[in-house]
Amino acid sequence: MIIAKDQVFMLNTNSTSYMFKIDEHGLLLHLYYGASLCDFSLSEQLSQGDQLEELAKALERKSEFAPGNSINYTDGQFSLENTNLEISGIGKGSLVTPYINLVFPDGSNSTDFIFKDYKTYDRLFIPKDSSFGKMAHSHNSGNQKEDVSSLVIRLKDRHKPIFIDLYYIVYKDSDCIVRYSKIYNKSEKPVILKSLMSTQLSLSADTFKHGKVKVSTFGGAWIREMYKNDTILSSGKLISASNTGTSSNRSNPLILVSDYDTCQDSGKCYGFNLMYSGNHYESVEFSTYKDIVVSSGINPDSFEFNLEAGASFESPEAIMTFSNQGYNSLSHNFHNFVREHVINPTFAHKTRPILVNSWEACYFNINHMRLLNLARNAKAVGAELFVMDDGWFSNRDDDTSSLGDWEVNKKKLPFGLEGLAKGIHDLGLDFGIWIEPEMISQKSKLYQAHPDWAMAIKGRDHSSGRNQMMLDLCNPEVVDYLIETFSQLLSTPGINYVKWDMNRIMSDIYSPYLAKKYPDQRISSMVPHLYVMGLYRLASSLTQAFPKILFEGCAAGGNRFDLGMLTFFPQIWASDNTDAIARCHIQEGLSYGYPLSSYTAHVSSCPNHQTLRNVPLKTRFNVADFANMGLEINVSDSNSEEFKTIRTEVEYYKKFRDLVLDGDFYRIDQNELVSGNDSDQSGYLHRWQLVSKDKLRSMALIVQEEVRPNTPNLSLKLTGLEPSYLYHVENMDEKYNIKNFGDLINTQVPVHIKKDSLIHNAISRFVTMPGEVESFNLYGHFLNTASIRLKEAYIATGYNDQVRYFQDYSSRLYEITKKG
Ligand code: GLA
C-alpha cells in the first residue's frame with residue numbers, strides 16, 4: 001500500500017514501512033526503512049490528516065549549515081555529504097557510491113536529479129518498453145492473490161534533459177519492496193552512462209546498535225559456493241561484486257545487513273538481492289556522518305554505455321526486505337517472494353521429480369544400453385525422471401570438443417534421442433537431457449563455419465575455460481541461431497526436462513559483432529551486460545516455446561544461481577559438490593535468500609568425487625531431503641543393502657517433499673558470531689527444520705561435522721509449530737554396522753577378533769548395533785519454547801540402545817506430526 005501526500009511517500013507492506021520525501025529543492029530524502037510505522041488501521045489518518053507530514057518532519061535529517069570543508073548544496077546551506085538521499089550523484093557534495101554516474105559530451109560528470117512528478121498504481125506497473133519486462137515482470141503478476149502496488153517517481157537533471165524514472169513496487173504480503181530505474185537521454189547528444197544502480201538505501205546512523213553493522217555475503221568458488229561470510233563494519237566500505245560475466249559462485253548478489261548480534265530468531269536485518277545474472281555490485285559503506293549506505297546494481301567496473309540521443313537504459317530489479325525478528329523471518333519473506341513472483345507459476349507449486357542423473361555414475365562414458373540399465377535401476381529405487389548428462393552429441397567423449405554441434409552421436413545412441421526417450425518412458429520414467437547452448441568448442445563444425453561467433457579478440461591468443469569458448473550472445477544472429485537449433489532439438493518427442501549448463505566464465509571480453517557495429521566504443525564494457533540480455537532472450541524464447549519442459553539451470557554448479565535465472569528455470573543445480581557436509585554450508589547459504597524448491601541436491605557415492613570424504617549414506621540422504629532430491633550415485637553398482645536403503649530413503653522423501661516445495665524453513669540456533677570450530681563443546685552443528693504451512697507436519701535435521709570427545713548432551717530445539725497442537729516427535733529407528741566400533745568388539749566377545757578379518761566381516765553381516773529411539777507426545781507450545789534433551793551421545797565409556805551414535809558426519813532426522 002502506498003500513501004503519497006504533500007510530497008511525502010510511505011510504502012507499506014504488512015510488517016515494514018519505507019518512507020521518503022521531496023524537499024524544497026526537489027531532492028529525494030530518504031526517511032526510513034524498517035518495522036511498520038503504519039498499522040493498517042492508521043492508514044486513514046496518515047493519508048488524510050497531517051500525521052504523515054509530521055512523521056516526515058520527525059524522521060528527516062536536521063541540517064541547517066554545511067560543516068566546514070564540505071560542499072554547500074547548490075542554493076542551500078546544507079551539504080549532501082550529510083543528507084540521506086534516495087539516489088546519490090557526483091559533483092554536488094555527496095561522497096558515497098554514486099547511484100548514477102554519467103559523463104556529458106563536454107567531459108563533465110556533475111549531475112543533480114530533482115523531482116519532476118510521480119504516479120501511483122494499485123497494481124504491478126510495468127513500463128511498456130521495459131527491457132526486463134518479458135522476464136520477471138510477466139511472472140510477477142502471476143500471483144493474483146497478493147496486494148501489489150507501484151510508484152514511479154520521475155526525476156530530471158537540473159540542467160540537462162536527462163530523466164530518471166525510479167520504480168518502487170510494493171509486495172504487501174511478502175514484505176518485499178522492489179526497486180529499479182530507467183534513464184532517458186532526451187538531449188540531442190549522447191552521454192556516457194558509467195553506472196545506474198538498482199537500489200540505494202541511506203539508513204541513518206542510529207538504525208543499528210552501537211554504530212556497527214554485520215554484513216553477510218555469500219560466495220566462495222567452484223564446489224565451494226554460497227559459504228556465508230560475516231563481517232562487522234564500523235567504518236569504511238565493503239563490496240561484494242562479481243566480474244566473471246555471471247552472477248558467480250565467487251560472490252552471490254544476495255547480501256544481508258544487520259545488527260551485530262542478530263540471530264536466526266531475533267534481531268534486525270535487511271536483505272537485498274538483485275534479479276540479474278551478470279556482473280553485479282553490492283556495497284555497504286559508512287558515510288562521513290556514520291549513516292549506512294547500501295547500494296546494489298550492475299557492477300560499474302565492467303560497465304559503460306553510450307546512451308545515444310533519444311536512448312534509454314533500464315537497471316535490473318533489486319529486491320529488499322526487512323525483519324526485526326531475525327534471519328529466519330527475513331528468509332521467509334524472500335522465499336515467499338521468490339515462490340510467488342519469480343518462479344514460473346506453472347512450476348512454482350508443482351511437485352519436482354526425483355531424478356537420477358548419469359554424470360557421476362558414467363561421466364562421458366554413456367551409451368543406449370548403459371543408460372537404460374541405469375534407468376531401470378533408477379525406476380526400481382523409486383526415481384521419477386532419468387537425466388542423460390553430457391556426452392551424448394557429436395564427438396563428445398571428453399570436454400575438449402563438440403560444443404555447438406548438437407546432433408546425437410549415433411554410435412552411442414543408435415536409436416537416437418527419440419529411441420532412448422521411448423526406452424526410458426517405457427520404464428515409466430520421464431526423460432531429460434543436458435545441453436550447454438551458450439558455448440562453442442574450437443573443435444566443432446560450428447566453429448569452422450562461424451569462427452566470428454565466438455567471443456574472442458582477433459589477433460590475440462584466446463584464454464579458454466574448460467577447453468571451450470563462449471558464443472557471442474551480443475550478436476542477435478547467434479541468439480536467433482540458438483533459438484532455432486534448440487527449438488528443433490527440444491521438439492524431439494519425449495523430452496520432459498532440460499539441464500541447461502554454462503561451464504566457464506568470461507575472458508577476452510569482446511564481441512566481434514559489436515566491434516563492427518560500434519567501431520569507436522569500448523566494447524569490453526558493453527559485452528557483459530549485452531551478453532546477459534542475449535541470454536535472457538534465448539532463455540525466455542525457449543522456455544516459452546516449451547512450457548511443459550522443466551528446465552534446471554546449472555553453471556558448473558552454482559556459478560549463476562540468481563533470481564534472474566530463476567525466472568526462467570524453476571530450479572538450479574546448487575553445486576557440482578555432492579559432498580553432504582560441504583552441501584550443508586552451500587544449501588544453508590542458499591536458504592538465506594532462496595526457497596528450498598529452487599535448488600537441487602543429489603546423493604552421490606563415497607568417497608565423494610569432489611572431496612574424497614566418506615559420509616554415511618543416511619546423512620547424504622538427510623541433507624538432500626532439504627532440497628529437490630536427485631541421485632548421482634550409480635544405482636546399477638549398488639549392493640543389495642545399499643540399494644534397499646536408497647529405495648527406503650527415496651520413499652521416505654516422497655512422504656514430505658511437499659514441505660520442501662511450500663513449507664517454511666528454519667535454521668535453528670546457528671551461533672552467528674562464534675560459528676566455526678571454535679568451541680570445545682560440540683563440533684559444528686547444522687540444525688534445520690521445515691514446517692508445513694498448515695503446521696500439521698514438520699521435519700528437523702541435526703548434522704554434526706566433527707565429534708568432540710565427551711560431549712554427551714544435545715537438545716532438539718524446534719520452532720514454528722502451532723502451540724495448541726499436540727505433536728508426536730520421533731526419529732527413524734536405525735541399526736549400526738558393528739564394524740563402526742572397530743576392535744572395541746573385543747570388549748564384548750569371549751574370543752579375540754582381529755579387526756577387518758574374515759570373521760569380523762562375517763559377524764558384521766549378522767549382528768548390528770541398535771540405535772537410540774526418541775519418542776515424545778508434546779504440545780507445540782512446549783516444543784516452540786523449551787527443548788527436548790536427547791539421549792546422551794557416545795562418550796567412550798559404554799554403548800547401548802539408550803546412547804546416541806553421533807560421530808563425524810552423523811545426522812538425525814526427526815519427524816514431528818500432529819496427533820489426531
Ligand atoms: C558441469 C556440470 C555437471 C555436469 C558437467 C558435464 O560441470 O555442473 O553437473 O553436467 O558439466 O560436463
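I took a cavity to be a set of points, on a 1 Å grid over the protein atoms alone, where a 1.4 Å probe fits but cannot get out, with lining residues having an atom within 4 Å of a point. Points are joined across faces, edges and corners, and a volume is the space filled by probe spheres set on them.

This is a predicted model: local features need pLDDT of at least 70 and side-chain atom pairs 80 or more, while totals for chains, interfaces and linings use all residues. Numbering runs from 1 along each chain as its sequence is written, and side-chain values use heavy atoms, leaving out hydrogens and water.

Cavities: I found 6 of 30 Å³ or more. I listed 18 residues lining it, with L27, I87, S88, G89 and F113 nearest its centre. That lining splits into 10 nonpolar, 5 polar and 3 charged residues (Ala, Val, Leu, Ile, Met, Phe, Trp, Tyr, Cys and Pro are nonpolar, Asp, Glu, Lys and Arg charged, the others, Gly among them, polar).

Ligand: which residues are closest?

Next I checked polar contacts, meaning N or O pairs within 3.5 Å. The R466 side chain puts an N or O atom 2.9 Å from a ligand oxygen. For N503, a polar side-chain atom sits 3.2 Å from a ligand oxygen. G557 uses a backbone N or O atom, also at 3.2 Å from a ligand oxygen. The protein covers 96% of the 300 Å² of accessible area the ligand has on its own (Shrake-Rupley, 1.4 Å probe).

Definitions and conventions: 1 Å grid on protein atoms, 1.4 Å probe; cavity = no way out; pocket = protein on both sides within 12 Å on 5 of 7 lines; lining within 4 Å. Polar contact = N/O pair within 3.5 Å; in protein donor to acceptor, adjacent residues only side chain to side chain.
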